[in-house]
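My notes follow in the order I took them.

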Amino acid sequence: MRFLLFLTVFFIFSPAQLAQDLLQSGPMVGYSTMREVMLWAQTTEEAEVHFEYYEQGNPKVRFKTEQVETQKSTAYVAQIIADQVLPGKNYNYELYINNKRVKRDYPMTFQSQELWQWRTDPPEVNFAIGSCNYVNEARFDRPGKPYGSEYEIFTAIHEQKPDFMIWLGDNTYLREADWNSRTGFLHRYTHTRSLAEMQPLLASTHHYATWDDHDFGPNNSDGSYSLKETATEVFKLFWANPNYDVTGEGGITGTFQWADLEFFLLDNRYHRTSNRNYTEDRQMLGKEQIDWLINALASSRAPFKFIVIGGQVLSTEAWFENHATFADERHYLIKKIRDARIEGVVFLDGDRHHTILSKQQENQSVYPLYDLTCSSLTAGANNSKEVLNTNGIEDTFVGQHNFGLLNVSGPRTDRVLTITIRDKDGQPLWTREIKAQDLKYKR
């Protein structure tokens, strides 16, 4: 009888099951380079975490990351580098908690970037974009109809199998109970990251992110926010970008490359002037960040240079929090891009709870700038069209939950960007094609 009882207890509380129960969220695949990849996981309590991985098709040659102990003070998060990868490989990986493997019923894979330079044309690249992700939690939400819905959109993104995803801001929504304490920040980020529908996407797609007001602090928050250093710390804890604060001025400004493309992740909150302060020169990004951006863009040889920012840039509708409400600074930014004769610029942003493609061409001597606003993933959608946005391309407006899938293909000297906006089920809503050759100055 005692033996049967022991078997029953062992079955219910087996080491493998205990390891499963210790996983709060993830694993998530972070940045990728040719020689290392960042892996992320969160446990429910203090635990030892490591990963093992192997090249697809060669499971006998296995690699093991370092082992780290998760701590309550950092929300039990583990960020660990897989540092034995080689360029252009696809890997399967496994998560171990307290030396017990955590099994999942979906793929857990990552890839290293290809070493194509001086060898071949750059590879085809597919990446997803989206913003405004609200995950309901009734005890902290405002009364009435839940603001978040249609979480199946993450399944739709996962099924597209993008190489990576860029989160354009408002990736989580801090509530009134959250933004006045570090405890609140950690709770909100943990709650959002733990959404069941998101886990398969996290596990096999590389992720990069910038922020906007709702994952920085209160609604419409700015550089005066008292917990902006806490916001920075927690953002860096839950995301796995390759770098932050590249300007040395604070915040989360960063950059990364994928194939022949370059991405510039801007911070539109840390240095921002209050929306209602007109007593001084107003800024959303700040001169130091813009000047860093111009220098970085001028150094780039990428056919497409994607500037990623939480809020709209090119919309002429000076409404809510877009860059048109900081007209002088926006003029400075665009003029610097034009004066430096930087080619291939495309803006990617969110915030507005709808999607629209904007196009600006001041005269025939310059190429058109494009601004793709892509929103909302799960937060309430906004079906009000931008009637005052003279740069908006009308038949690109989408007022329902959606995401973007961007493809860059073609030979090195003739790359083409194809933008497809898809609904919550992954069905295409519209498609546009932009040639890199059309984003150049006439010689």
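I started with Pro-27, which lies in strand β1 (residues 23-32). Strands here are DSSP runs of E with at least two residues, helices are runs of H or I with at least four, and both are numbered from the N terminus. I checked the peptide bond between Gly-26 and Pro-27, and it is cis, with omega about 5°.

A note on the source: this is a predicted model, where local features need pLDDT of at least 70 and side-chain atom pairs count only at pLDDT 80 or more, while totals for chains, interfaces and linings use all residues. Residues are numbered from 1 along each chain as its sequence is written, and side-chain values use heavy atoms, with hydrogens and water left out.

I then went to a cis peptide bond that joins Ser-375 and Ser-376. Its omega is about 10°. Ser-376 sits in the loop between β18 (369-373) and β19.

Next came positive phi values. Asn-99 is not a glycine, yet its phi is about 65°. I found Asn-99 in the loop between β7 (90-97) and β8 (100-102). For the cut-offs, buried means under 20% relative accessible area, exposed means over 50%, and partly exposed is in between (1.4 Å probe, protein chains only).

Cys-132 also has a positive phi, near 65°, and is a residue other than glycine. Its place is the loop between β10 and α3. I looked up its accessibility: Cys-132 is buried, with a relative accessible area of 0%.

I moved on to helix α3 (residues 153-160). Which of its residues are buried? They are Ile-153, Phe-154, Ala-156, Ile-157 and His-158. I traced what these buried residues pack against: β10 (125-130), β11 (164-167), α5 (199-204) and β19 (402-409). Just after α3, Lys-161 takes a positive phi of about 55°.

Last, I picked Phe-164, in strand β11. Phe-164 counts as buried, at 0% relative accessibility. I listed its contacts (heavy atoms within 4.5 Å). Leaving aside neighbours within four places in sequence, Phe-164 touches Val-125, Asn-126, Phe-127 and Ala-128, among others. The list also includes Thr-205, His-206 and Tyr-208, as well as Phe-256, Trp-258 and Phe-263. I also took one distance: Phe-164 and Ser-299 are 24 Å apart, C-alpha to C-alpha, and 135 residues apart in sequence.
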